[in-house]
Amino acid sequence: MRVALGLSYAGQTYEGWQSQLSGNTIQDRLEHALGQFTAQQFRVNCAGRTDAGVHGLMQVVHFDTTLQREAFSWVRGTNSFLPPDIAVQWAHPVPTQFHSRASASARRYAYVL
């Protein structure tokens, strides 16, 4: 089963999206929270990476799992293990052909200085 999540975060205290040895990235925190919720290891794929200090709004990520959960359970369960500045907004089962990066039909960036 493949699951897509919509993720929002305030990135000022993180070293960007992509996993780093420090463990202080959005990807690291999300994968850890999913692992805590399910007692399994996860590797997530994202629609686009962000740099250190950058915020994200409805960034789409996906992962594969053998677990069956209701969509609201993925949201509530994962959020219970995430810090308050990262939140899963929604979850949906998607076809196995779906890929958060390759299936994206659009991206929008806003630069606020």
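Biologist: What covers the buried residues of α2?

Modeller: This is a predicted model, and the cover over the buried residues of α2 includes β1, α1, β3 and β4. The buried residues of α2 are Trp74, Val75, Gly77 and Thr78.

Biologist: Which residues does Trp74 touch, leaving out those up to four places away in sequence?

Modeller: With those left out, Trp74 touches Val3, Leu5, Leu34, Phe37, Thr38, Phe42, Phe63, Thr65, Leu67, Arg69 and Ala91. Trp74 also belongs to the largest nonpolar core, which has 22 residues. Leu5, Leu7, Trp17, Leu30, Phe63 and Trp74 are the members that touch the most other members.

Biologist: Which elements each supply at least two residues of this core?

Modeller: They are β1 (2–9), α1, β3 (56–64), α2 and β4 (86–94).

Biologist: Turn to the helices. How is the packing of two helices described?

Modeller: Two packed helices are described by the angle between their axes together with the distance between those axes. Here, helix α1 covers residues 26–38 and helix α2 covers residues 71–79. Their packing angle is about 105°, and their axes are 8 Å apart. The angle makes α1 roughly perpendicular to α2, because angles of 65 to 115 degrees count as roughly perpendicular.

Biologist: Which residues make the contact?

Modeller: On α1 they are Leu30, Ala33, Leu34, Phe37 and Thr38, and on α2 they are Ser73, Trp74, Gly77 and Thr78. By type, the residues of this contact are 5 nonpolar, 4 polar and no charged.

Biologist: How many bridges join β1 to β4, and how many join β1 to β3?

Modeller: There are 8 bridges between β1 and β4, an antiparallel pair. In that pair, Ala4 has His92 of β4 as its bridge partner. β1 and β3 are also antiparallel and are joined by 7 bridges. Leu7 stands opposite Gln59 of β3.

Biologist: How many bridges join β2 to β3?

Modeller: β2 and β3 run antiparallel and are joined by 2 bridges. Cys46 stands opposite Val61 in β3.

Biologist: What pattern does the chain follow along the sequence?

Modeller: The pattern is β-α-β-β-α-β, from 2 helices and 4 strands.

Biologist: What share of contacts between residues at least 6 apart in sequence join residues at least 24 apart?

Modeller: That share is 67%. As for burial, 41% of the 113 residues of the chain count as buried.

Biologist: Take a loop residue. Is Gly48 buried or exposed?

Modeller: For a single residue, state its place, its accessibility and its contacts. Gly48 is in the loop between β2 and β3. Its relative accessibility is 15%, so Gly48 counts as buried, because buried means under 20%. Leaving out residues up to four places away in sequence, Gly48 touches Gln59 and Arg101. Gly48 and Gln59 are 11 residues apart along the chain, and their C-alpha atoms are separated by 7.6 Å.

Biologist: Where is Met58 found, and what is its phi?

Modeller: Met58 is in strand β3. Its phi is near 60°, a positive value in a residue other than glycine. At 38% relative accessibility, Met58 counts as partly exposed.

How values were computed
Residues are numbered from 1 along each chain as its sequence is written. This is a predicted model: local features need pLDDT of at least 70, side-chain atom pairs count only at pLDDT 80 or more; totals for chains, interfaces and linings use all residues. Side-chain values use heavy atoms; hydrogens and water are left out. Axes are lines fitted to C-alpha atoms, for helices over the stretch in contact, and angles run from 0 to 180 degrees between N-to-C directions. Angles under 35 degrees count as roughly parallel, over 145 as roughly antiparallel, 65 to 115 as roughly perpendicular and the rest as oblique. Contact means heavy atoms within 4.5 Å. Ala, Val, Leu, Ile, Met, Phe, Trp, Tyr, Cys and Pro count as nonpolar, Asp, Glu, Lys and Arg as charged, and the others, Gly among them, as polar. A nonpolar core is a set of buried Ala, Val, Leu, Ile, Met, Phe, Trp, Tyr and Cys residues joined through side-chain atoms within 4.5 Å. Buried means under 20% relative accessible area, exposed over 50%, partly exposed in between (1.4 Å probe, protein chains only). Two strands pair if DSSP finds at least two bridges between them.
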